[in-house]
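Visitor: I've got a model open and would like a quick tour. Could you walk me through it?

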Amino acid sequence: MREDTIMVIGAGQMGSGIAQVCAQSGYNVYMYDVSDDQIQKGMKRISGQLVKQAEKGRMPHQDVKRIYQRLSPSASLEDAGGAFLIIEAAIENMDVKKDIFKRLDEQTEEGAILASNTSSLSITELASVTKKPQNVIGMHFMNPVPVMQLVEVIRGLETSDQTYDAVVTVAERLDKVPIEVHDFPGFISNRILMPMINEAVFALYEGVAEKESIDGIMKLGMNHPMGPLALADLIGLDTCLYIMETLHRGFGDDKYRPCPLLRQYVSAGRLGKKTGKGFYTYGGN
């Protein structure tokens, strides 16, 4: 296990963003995914982002190659054995994440930290499938990772102070601001954000206003940089639905009931920017 090596599980938008900021901060990074195609897309995404930063004068051009060389695509979870920190950024599904954590528990050394980028799921429940729950913690990065400063840090019931302190140190090295929250459904960010998005979908569903009006009011009236419906498209409507279902199930309160229109869009495959169509239509997909 090397103290300069991190493994990121998942090469999608969030995983590649996490891998990028880790490499930019001097860590050697394994980026794992079950799909080779997804790994290649993730590596290409990172390369493109680094080049853009250099072109905008945010880093010297010679740093692009140096940072990129710290990234290693991985098709084997065995590579986790060489990392002191593994950050899981797979699909927001408890069964999928539990399976990953079980397998990581077998591949990692005793002191390795297992972190999840989950945006709503229980860290305590994830930790329960491992033999070292004291090493399991939540590191919820915001999208887009290279831009957003916040990392929500979520302790599970058994998370040790040593694990917490180590993760805070990593987050600060990544030039992020770590803020601790307790292990409840949705934590803080999505417990507040997702009901707002869901209410915006209800307003559209009930015909209170058109989508452009809803987003315009929140941008101009509340000074939000992006309207809630456009933000839902960026996050992914399937992810929004899953988080609302997690909140509804976890609290048993109908104020978290997902809007039927959100369910309908997800059933139709209108998931937002990643599919080219959500509440809005996007080109180039």
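Visitor: Leaving aside its neighbours within four places in sequence, which residues is Gln53 in contact with?

Guide: Keep in mind that this is a predicted model. Gln53 sits in helix α2, which covers residues 36-55. Skip the neighbours within four places in sequence, and the residues in contact with Gln53 are Gln20, Gln24, Arg58 and Met59.

Visitor: Is Gln53 buried or exposed?

Guide: The cut-off for buried is under 20% relative accessible area. Gln53 comes in at 15%. Because that value falls under the cut-off, Gln53 counts as buried.

Visitor: Which residues are the closest to the centre of the second largest pocket?

Guide: That pocket holds about 360 Å³ of space. Its lining is made up of 16 residues. Gln53 turns up again here, in the group closest to the centre: Val21, Gln24, Gln53, Pro146 and Val147.

Visitor: Which helix gives the most to the lining of the second largest pocket?

Guide: Two helices to look at are α1 (13-24) and α2, each supplying at least two residues of that lining. The top contribution is 3 residues, and it comes from α2.

Visitor: How many residues in the lining of the second largest pocket are nonpolar?

Guide: Sort the lining by class and you get 5 polar and 5 charged residues. The remaining class, nonpolar, has 6.

Visitor: What feature does UniProt place at residues 6-183?

Guide: In the model, this span is 40% helix and 22% strand, and its end C-alpha atoms lie 24 Å apart. The name comes from an unreviewed UniProt entry, which lists the span as "domain: 3-hydroxyacyl-CoA dehydrogenase NAD binding".

Visitor: How far apart in space are Gly283 and Glu78?

Guide: Gly283 lies in the segment after α11 (260-267), and it is exposed, with a relative accessible area of 67%. In sequence, Gly283 and Glu78 are 205 residues apart. In space, C-alpha to C-alpha, the distance between Gly283 and Glu78 is 39 Å.

Technical notes:
Residues numbered from 1 in each chain as written. Predicted model: local features only at pLDDT ≥ 70, side-chain atom pairs only at ≥ 80, totals over all residues. Heavy atoms only, no water. UniProt positions renumbered as here; feature names shortened; annotations may be inferred. Helix = DSSP H or I, 4+ residues; strand = E, 2+ residues; numbered from the N terminus. Buried < 20%, exposed > 50% of the residue type's maximum accessible area, 1.4 Å probe, protein only. Contact = heavy atoms within 4.5 Å. 1 Å grid on protein atoms, 1.4 Å probe; cavity = no way out; pocket = protein on both sides within 12 Å on 5 of 7 lines; lining within 4 Å. Points joined across faces, edges and corners; volume = space filled by probe spheres on them. Nonpolar A, V, L, I, M, F, W, Y, C, P; charged D, E, K, R; others polar.
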